[in-house]
Protein chains: 4
Amino acid sequence: MRTGVWLVGARGSVATTSIVGALALRAGLAAPTGCVTELPELRGPALPALTDLVFGGHDVVCTPLTKRAETLADAGVVPARLVAALTAELTGVEEDLRPAPTGGSQADRAATLVRELTGFRDRHALDRLVVVNVSATEPVAVPHPAHADLAALRAALAGPDDVLPNSSLCAYAAFTAGAAFVDFTPSTGARLPALTALAAERGLPYAGHDGKTGETLVKSVLAPMFAMRNLAVRSWSGTNLLGGGDGATLADPAANAAKVESKQRVLGETLGYVPQGHTRIEYVEDLGDFKTAWDLVTFAGFLGTGMRMEFTWHGCDSALAAPLVLDLARLTAAAHATGHTGPLTELAFFFKDPLGAATHSLAEQWIRLGDFVRALHAAAGGADEPRG
Amino acid sequence: MRTGVWLVGARGSVATTSIVGALALRAGLAAPTGCVTELPELRGPALPALTDLVFGGHDVVCTPLTKRAETLADAGVVPARLVAALTAELTGVEEDLRPAPTGGSQADRAATLVRELTGFRDRHALDRLVVVNVSATEPVAVPHPAHADLAALRAALAGPDDVLPNSSLCAYAAFTAGAAFVDFTPSTGARLPALTALAAERGLPYAGHDGKTGETLVKSVLAPMFAMRNLAVRSWSGTNLLGGGDGATLADPAANAAKVESKQRVLGETLGYVPQGHTRIEYVEDLGDFKTAWDLVTFAGFLGTGMRMEFTWHGCDSALAAPLVLDLARLTAAAHATGHTGPLTELAFFFKDPLGAATHSLAEQWIRLGDFVRALHAAAGGADEPRG
Amino acid sequence: MRTGVWLVGARGSVATTSIVGALALRAGLAAPTGCVTELPELRGPALPALTDLVFGGHDVVCTPLTKRAETLADAGVVPARLVAALTAELTGVEEDLRPAPTGGSQADRAATLVRELTGFRDRHALDRLVVVNVSATEPVAVPHPAHADLAALRAALAGPDDVLPNSSLCAYAAFTAGAAFVDFTPSTGARLPALTALAAERGLPYAGHDGKTGETLVKSVLAPMFAMRNLAVRSWSGTNLLGGGDGATLADPAANAAKVESKQRVLGETLGYVPQGHTRIEYVEDLGDFKTAWDLVTFAGFLGTGMRMEFTWHGCDSALAAPLVLDLARLTAAAHATGHTGPLTELAFFFKDPLGAATHSLAEQWIRLGDFVRALHAAAGGADEPRG
Amino acid sequence: MRTGVWLVGARGSVATTSIVGALALRAGLAAPTGCVTELPELRGPALPALTDLVFGGHDVVCTPLTKRAETLADAGVVPARLVAALTAELTGVEEDLRPAPTGGSQADRAATLVRELTGFRDRHALDRLVVVNVSATEPVAVPHPAHADLAALRAALAGPDDVLPNSSLCAYAAFTAGAAFVDFTPSTGARLPALTALAAERGLPYAGHDGKTGETLVKSVLAPMFAMRNLAVRSWSGTNLLGGGDGATLADPAANAAKVESKQRVLGETLGYVPQGHTRIEYVEDLGDFKTAWDLVTFAGFLGTGMRMEFTWHGCDSALAAPLVLDLARLTAAAHATGHTGPLTELAFFFKDPLGAATHSLAEQWIRLGDFVRALHAAAGGADEPRG
């Protein structure tokens, strides 16, 4: 099953790492560390092979992909020898990268995107196409009446004003072009009634929001631990220091707010109460593509005895996110192929702020993901057990 | 269901905190924080009420229980106001505490214990009796041929040499007296073929080993997190600094070895490979009843990118262990009442080194525990849904 | 030398701990841990004995001192047995506590303060009087033309508007009453030209600002370490989580700004350049009178190799501040007795934002302090070497 | 002043980094970050210029220096671009590297070393020669009667048994060849009466022991901080996790003992008492050339209030040590030129276990170092103020 992966923000760190990694896996130069869909529990016939993924995308910047890959190699995100070995392949992908459409009405820009998506699909004879948003986090979207109704939205897009945030315009174009959509960021994406209607109309699935790659990942196992042990979490305070492009964007208080909110949600929903404390994000350029998060948890045990836990997470967001982007593209394509439409709530495992999720516990999300994938494999014809 | 809880090491910190806590709960002076069996998911008719627990036990030391409770209050383990309010009740429990039997053959000492257990049961008209070992960790036991066969063991106990470690002698006496047995320590306890045979002969359940209250608890959610995300853990190094009586005991390298081994098991069994690094235990008197554990985890993500996580856990072992002692007494009594015999592998959730456990993942252990408890409640007659 | 210590914010945590501690030392119930002036290097005849300190003060709240002390004992700041043993002495100090003056013009309130200070001095036949501000941090003061000139200030105080922040009004009253002044907070205090002139006119010394008790104390030894080793500090980010009254006050962004600024000053001045990163203060009620600070320092070594250091400081501000309050009262009284007037820059060792300080390095401040104290002792008559 | 630096362990990580760095500085490709002697406070005419340093040495392994440098580049210790740019220069240094002498008596080996040292000096027309030991840490030396007397030592060296540890044989050869000696390791080196006598006889200075580059560096500012504030340190526990060649060596308990002892010395000597706790060293291969140290300090403030501090240091020992090796070579050569003989106690700033040091406080050591260097500059003729 040849599967296209169209990356919004295709020259960003996450996208570039995803592309380098997929090419390295195809060339047999790397192991699929961090790819959840390569675990024995999840592997199987329903998923497109990693070697069947074809990459395209668009970006507001135009730095060549090889240059971006070299920058990431200098920063220690990807090995320099891989980038050197994959120059030809990266140049090949460059052919399928486009500038982000600008100018004209949002309807015009959406039309351009749709043309690019269908062109990409035709050029590579793709069976499925998944648009994945890995661009910078947007500010919280301004509400607009047309968000609630598809017909009104179509009309408004043709007008002179921008009515959709960019992530939603991409979802609109994806659905219009018959592509599934994954939002790896906290931006609005497909989360508008008009877009939900469009996905339903076109029979398309979508997934999101906000890839769970660091502090929140840890929270999603520690908070259930406290809950399962009936320990009373009194406060949970987090500090996230991050450099890189993402850090600079998030230094903008508006974007910060969206992210911080999605990072805290796991606590209230897992514990059943909201402990004291806040999560902060701060830009520290020197950290580059790495992120350091420090969390302090104070909790009470039997008879109220006060105790505490701290953790420091020093992770490379791109190296954590990129394999999940590949996972999500495979899973969403397989879901589409199997006839799933609408929000893929079974993919909550991957997200900080999962669509319609009943749980924020990683372990429970893992069980739901396993059930979902096994059903995909079963539906994929005769294969009632995972390869592996 | 009046349930006796006979504590081996009844004047130790864990036992004293358990007793103070149970009395405080009975008097309505405290909330059951840390009691897993009080969670809505687990509550129900099969379990003896917390107010139905009756405490007895023995110890090698003879400091009065009220004095021990005051010491714990001074150390910040239990609130001083509770100890002051419960003086009469603590003095009441004192009546059921005995010196640890000494002198004579191990058969003599076992007989003394059996007499004390049956006396305790008769005196309080107990429906069930559970012996819980919360005494200091023993050195790794010296093997003896009689461990393998019940008849041989009975013969050997009457001889002049000690053939059983103390924890196993207590299990022997418990089973002989018709009591269930829980080992909250890493000592040998019921883990000898001869004792397994005895439990089977008497139709008794037992549980263990080594209460999971700190660093290993955290490991049992973090290691599965790395595994579920297909991240490669390169090294996991732990340092445990602890004061208190337990710390001094564990400073003995022999006892230390048993504990350290049970602390590392979770990694290999959860990850499927053993990362580099070791766990150490060290005595630091000034930490008193608190323990500080620091762990460093190095791991690789996509394309081998190196990352790291550290955590510091500053916990009060007694305040973490005591509610679990109450949980285990309730659960084991209920299992006994429902006809369970042999190792209660469904209680793996509570232990570092669980009997016959298929998993070290806390989340999976939680699911097994929930299934087990719901079955107990169902068996307890008509009650097909938890109170709560 | 009978020395009065008049505490502004006399019922706050720092003041109460200072009073309890001084009474405990006088009664021989405690050791002078944390009192710098009791170190062998600094002890000597020039300083009033700890037993010669007499306490008074005012506060906007009126909770009895014994009640405040009990609250601190419950919070683990001072030992409950000390508070119990010192009830009579605390009640004695209560006699010398006054409500903060309210109503009327600032001139009226200053006059009330002056009357109270002189009454306190007369009542106890004090040789010296030091006013120490340990009240809550004020917002950054609003500039006013009268701040620049003593005559203009006197005129303006009689008017209907408040022209001075409260800390400065206290400094004004102190100087008017012939008392020295110490500002242990980041508030404005004596740092106005008009007040500088008043201190000079009356021949009085003053000291400040902002007691250095936690994160900044650590910074003041770590930053010089990096500088002495010619290591390049790239970023220094700090998070301060604090509960207690101080935390609630500092949650007010205006007060926060003053504090944060004084916390960062040490870096630029010690390193000679300002690394990336910020310091934040956040209120977490559950931490009570304790504070947890976490700092991440990234730095480069030879050939640019990136390295990092983190520290967590878990301190009790009152227990750290109180002995320094006693030190500062003794030192300022001795300086006054020896004829020092104006800013006591030699006391920079004690402050985050020291008056006129040439250095923020704790080690250099220590040398200056030692020289200063030895000179005081020498001036105190014949004693040319420290007792001790 | 052309100055030879003969490195014992010349192909090790520290030596290779020192050589790469010195060549990079000479070529203008790097800044002297981490070089203490390049600070404005210390620069001046007495020190040989960094560009006047000439490198030679010997090692038990024979991996080419360029290969070792590439390995360090792969490990992130030195920048790959530097190694690539300096290939020719590294090949040049290779000419002056020799295998460690083996076979024959220790007298034979010493004679070989002396020949190599004098050959090196003659070949490069060196004004001064400094031997610096940066080889792996030795086990604690076995005492021998000949250590006490130079004549007895000379006789014993000619015998069949090894009487000196290798570090001391190198010091013996250095002194015999008229070279100064620096021991950057905790090995015995020149610390034997017979060698002290030889240094005196030949009028040569020497320095040591054990470069202070990580956890102990931090301790040497934090311990004085607690002391200056009269805070009572209750416990200080340290864990050092290290990979690389040094880690593997130190995993040997015998070598470990020497290192651990020198790491703890700073506490007792700075605080005036020995707090509880220990320092451990453990090998974790995955950490490579980096080291992670974690320390927990518990301390009491006023009235006994318990507090705590932790720090994590994640450093690259080679990148921290190499610039100090250059500093020590320059300083020792300058001291030799100025007529200093015997132990250079003024260089305590650089060492964990300094020769004859009165203080372990980094700040005090810094003052002594500054005085010493200024005196060197003054003696260097007319230059009474630092360049810079």
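Figure 1. The expected span of a helix is 1.5 Å times one less than its number of residues. Helices (H or I, at least four residues) and strands (E, at least two) are DSSP runs, numbered from the N terminus. The model is predicted: local features need pLDDT of at least 70 and side-chain atom pairs count only at pLDDT 80 or more, while totals for chains, interfaces and linings use all residues. Residues are numbered from 1 along each chain as its sequence is written, chains are lettered from A and ligands numbered from 1 in the order in which they are written, and side-chain values use heavy atoms, with hydrogens and water left out. Of the 14 residues of helix 1 of chain D, 13 are buried, that is, under 20% relative accessible area (1.4 Å probe, protein chains only). After this helix comes D:G28, with a positive phi near 70°.

**Figure 2. The interface of chain D and chain C.** On each side, 62 residues are in contact with the partner chain, contact meaning heavy atoms within 4.5 Å. The two chains bury about 4600 Å² between them, and 72% of this lies on carbon and sulfur atoms; buried area is the accessible area (1.4 Å probe) that two parts lose on being put together, summed over both. D:M228, D:R229 and D:F302 supply 21% of the area that chain D buries against chain C, more than any other three residues. Between the chains there are zero salt bridges, a salt bridge being a side-chain nitrogen of Lys or Arg within 4 Å of a carboxyl oxygen of Asp or Glu. The elements of chain D that give two or more residues to this side include helix 1, helix 9 (215–228) and strand 9 (290–300). Strand 10 of chain D makes the largest contribution, 11 residues.

**Figure 3. The surroundings of D:S168.** D:S168 lies in helix 7 (residues 166–176) of chain D. Its relative accessibility is 0%, and D:S168 therefore counts as buried. Leaving aside residues up to four places away in sequence, D:S168 touches D:T188, D:G189, D:L192 and D:L195.

**Figure 4. The interface of chain A and chain B.** Here 62 residues of chain A meet 62 residues of chain B. The buried area is about 4600 Å², with 72% from carbon and sulfur atoms. On the side of chain A, A:R229, A:F302 and A:L303 lose the most area to chain B, together 21% of what that side buries. Strand 10 of chain A gives the most, with 11 residues.

**Figure 5. Helix 9 of chain C.** Helix 9 (residues 215–228) of chain C has 14 residues and reaches 20 Å from its first C-alpha to its last, close to the 20 Å expected at 1.5 Å a residue. This helix of chain C is mostly covered, with 13 of its 14 residues buried. Just after helix 9 of chain C, C:N230 takes a positive phi of about 60°.

Technical notes:
Buried < 20%, exposed > 50% of the residue type's maximum accessible area, 1.4 Å probe, protein only.
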